Amino acid sequence: MAGRNKHVVSKTSSSLAIVEANPPQNKKVVAIDAPIVSSYNDRIRPLLDTVDRLRNLNVMREGIQLPTIVVVGDQSSGKSSVLESLAGISLPRGQGICTRVPLVMRLQRSYSTEPEIWLEYGDKVVHTDEEHIAQAICAATDVIAGSGKGVSDAPLTLHVKKAGVPDLTMVDLPGITRVPVNGQPENIYEQISAMIMKYITPQESIVLNVQSATVDFTTCESIRMSRQVDKTGQRTLAVVTKADMAPEGLLQKVTADDVSIGLGYVCVRNRIGEETYEEARMQEELLFKTHPMLRLIDDDIVGIPVLAQKLMLIQATMIARCLPEIVRKINEKMESSVLELNKLPMVMASTGEALMTLMDIIGSAKESLLRILIQGDFSEYPEDHKMHCTARLAEMLSQFSDTLQAQPKDVTTEFLMDEIKILDECKCVGLPNFIPRSAFLAILSQYVDGIHSKPVEFIKKIWEYIEAILIPVISKYAENFPQIQSSIKRAGRNLITKMKEQSVNRVAEIVEMEKLTDYTCNPDYMTSWTEKMFRSKASSTLFSLGGFGDVKISHLRKYHAHLLQQAFDMKMRIASYWNIVLRRIVDNLALFLQFSVKNLVNAQFQKEIVAEMVDPRGGGGVERMMEESPSVASKREKLKKSVKLLKESKDVVAAIVDQSSGYGGR
């Protein structure tokens with residue numbers, strides 16, 4: 001590539017050397033042992049640089065996965081040894097579980113002859129050197145997972161800036177163990193399995209499945225787990241370690257492929273004891289050239305250098321394949337973040353701006369209330385039946401009407417006694433067969449007093465329901481201003497309290513008016529009274545009442561014969577008139593309810609809420625709108641950082657997508 005330094009890779013029998021075609025001044029030609037460097041070339045370097053820059057931007061915190069090499073294997077399969085050989089650094093080794101946390105190895109090439117090595121976990125940064133890497137990792141692991149033998153899902157990141165290492169990220173996970181040892185939790189297997197599945201499930205992960213040559217591949221737990229997420233093996237590469245310990249039948253194992261490893265096998269001999277990396281590679285090369293069984297294995301699938309080359313090519317191909325999807329996800333996430341950022345309230349610098357914003361909030365809430373309380377438009381809350389207000393109000397009114405007009409279960413008990421008592425008290429000097437109007441009004445008053453509380457309780461219930469609608473609506477439209485939530489809710493409740501008090505007084509008046517006079521223009525009164533009188537027949541002992549059955553009256557004839565006919569007549573009149581009174585109360589309440597709701601939404605809501613919010617005695621809601629709440633400020637800052645990160649990420653990948661598109665299919 002123009003403008004980039006060219007690498008000349010020189011390979012001897014035991015080591016590699018990288019020479020910059022145009023090395024920076026004061027930089028030395030560096031001999032290196034890490035064999036993965038042999039795979040560097042100008043075709044894949046830009047791809048690796050792109051992903052490395054995305055990792056440095058920490059784009060994965062936005063939920064965008066990047067191609068990553070994930071190293072898995074059963075306990076003591078030689079995973080850490082493979083990583084050591086690939087990267088040329090020492091990792092903790094020993095009996096039992098050596099890796100107890102996800103070890104994220106971020107390797108970065110450096111021109112300096114002095115390596116820079118440090119660990120990151122939580123908010124801590126610990127610097128170390130090549131000689132003390134293993135001890136530093138053990139110490140950090142003890143901090144993360146405890147000093148025992150338990151594991152933790154919290155990652156430990158190892159940064160290595162060193163001459164000769166590739167810009168590469170690999171994750172070494174704890175080895176799979178089924179039987180807990182002393183000090184390990186009983187569910188150690190479940191913990192490790194969950195951790196492994198978390199890392200190998202993303203389609204961008206390259207699974208480096210490490211198996212010992214000494215075991216049957218078909219029984220390996222790590223193979224079973226990787227096949228769960230990668231059934232065809234298209235992103236799984238198997239590394240067979242300890243080839244020198246079990247050479248018999250190894251050729252058949254790797255050529256038969258009984259476990260569907262799509263990316264193939266590589267057989268290696270790991271570094272033993274205090275061998276240097278150079279000595280280990282010499283012994284590995286010698287083993288596969290001279291051993292009578294191992295030399296039969298194809299040279300293309302043996303040795304750490306071959307593994308390094310395969311791994312780099314596989315990762316480069318995966319990167320090229322994933323880049324278009326990464327671009328799509330970056331664009332999608334950025335659009336979402338920008339949209340969410342734009343939805344946040346603007347930072348207001350004056351009371352005028354705050355007042356205008358408050359008016360917008362109240363105006364939007366008013367439009368919503370108009371739709372759900374008056375127009376019956378429920379599109380804003382399609383699944384919340386409580387918010388389908390016109391239907392719920394109609395149901396409540398119908399239920400109230402049924403309850404109010406329900407007939408007493410036993411109308412024959414003490415039949416006509418109330419009427420007789422009132423007639424007796426209202427008698428006067430005059431003709432005996434006239435019903436005093438005062439008597440009718442007295443009995444009517446008793447009826448009204450009997451139901452007086454029901455309309456009042458009904459209207460209270462109605463306003464309690466409307467309050468349960470109004471408060472969530474205004475809270476929804478003021479959700480971006482948590483600093484005024486309490487004030488605007490209080491204003492809403494105060495408005496409802498005021499409307500409820502007015503309505504209770506009005507309903508009480510409507511009911512009380514029925515006691516003042518006996519009047520109706522409804523012809524049903526005369527029709528009903530005439531019908532009742534026609535259908536009712538009297539004998540010496542019984543009254544036969546239409547719709548009520550026979551009622552005994554012998555005791556009444558004995559003591560109240562002179563008032564019996566008048567009492568019966570008044571009973572029929574009040575029964576006919578009372579039905580009209582009850583329906584009139586229901587009709588009046590229905591009309592008043594409609595009027596009150598419209599008045600609330602169209603006239604009172606905006607005026608009362610604004611007045612309360614502007615009044616300093618109410619807490620100065622408008623002034624508080626100028627003070628951005630900590631939660632909104634934090635969200636705004638987070639979204640700004642997210643948008644900035646995603647824009648930078650988009651710029652990083654934009655330049656490489658077209659260039660790499662041809663390579664991805666090779």
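This is a predicted model: local features need pLDDT of at least 70, side-chain atom pairs count only at pLDDT 80 or more; totals for chains, interfaces and linings use all residues.

Biologist: With which strands does β4 pair, and in what sense?

Modeller: One partner is strand β10 (residues 205-212), joined to β4 in the parallel sense over six bridges. Within this pairing, Gly73 stands opposite Val210. Another partner is strand β9 (residues 168-172), which runs parallel to β4 and is joined to it by three bridges. There, Val70 has Val171 as its bridge partner.

Biologist: How many strands form the sheet, and in what order?

Modeller: The open sheet has nine strands, in the order β7-β6-β8-β5-β9-β4-β10-β11-β12, with mixed pairing. Its edge strands are β7 (124-128) and β12 (265-267), each of which pairs on one side only. From one strand to the next, the twist averages 20 degrees.

Biologist: How does one describe a pair of aromatic rings?

Modeller: Two values are used: the distance of the centres and the angle of the planes. This structure holds five aromatic pairs. In one of them, the ring centres of Tyr447 and Trp578 are 5.3 Å apart and the planes stand at 80 degrees; planes over 60 degrees apart count as edge-to-face, so this pair is edge-to-face.

Biologist: Which helices hold Tyr447 and Trp578, and are the two residues buried or partly exposed?

Modeller: Tyr447 belongs to helix α12 (residues 437-451) and Trp578 to helix α16 (residues 554-614), so the pair ties together parts that are 131 residues apart in sequence. Tyr447 is partly exposed, at 24% relative accessibility, whereas Trp578 is buried, at 11%.

Biologist: What is the geometry of the pair formed by Tyr525 and Tyr577?

Modeller: The ring centres of Tyr525 and Tyr577 lie 6.2 Å apart with planes at 90 degrees, so this pair is also edge-to-face. Tyr525 is in helix α15 (residues 524-535) and Tyr577 in helix α16, so parts 52 residues apart in sequence are tied together. Both tyrosines are buried, and together with Phe440 they form one aromatic cluster.

Biologist: Where does a charge sit over a ring?

Modeller: The charged end of Arg573 sits over the ring of Trp529, 4.3 Å from its centre. Lys253 lies over the face of Phe217, at 5.0 Å from the ring centre.

Biologist: Where is confidence lowest, and where is it highest?

Modeller: Strand β1 (residues 7-11) has the lowest mean pLDDT, 35, and helix α13 (residues 453-477) the highest, 95. The mean for the protein is 79, and 79% of its residues reach 70 or more. Over residues 1-41 the pLDDT stays under 50, and over residues 662-666 it is likewise below 50.

Methods. Residues are numbered from 1 along each chain as its sequence is written. Side-chain values use heavy atoms; hydrogens and water are left out. Two strands pair if DSSP finds at least two bridges between them. Helices (H or I, at least four residues) and strands (E, at least two) are DSSP runs, numbered from the N terminus. Axes are lines fitted to C-alpha atoms, for helices over the stretch in contact, and angles run from 0 to 180 degrees between N-to-C directions. pLDDT is the predictor's confidence in each residue, from 0 to 100. Contact means heavy atoms within 4.5 Å. Rings of Phe, Tyr and Trp (its six-membered ring) pair if their centres lie within 6.5 Å; planes under 30 degrees apart count as stacked, over 60 as edge-to-face and the rest as tilted. Buried means under 20% relative accessible area, exposed over 50%, partly exposed in between (1.4 Å probe, protein chains only). A charge sits over a ring if NZ of Lys or CZ of Arg is within 6 Å of the ring centre and within 35 degrees of the ring normal.
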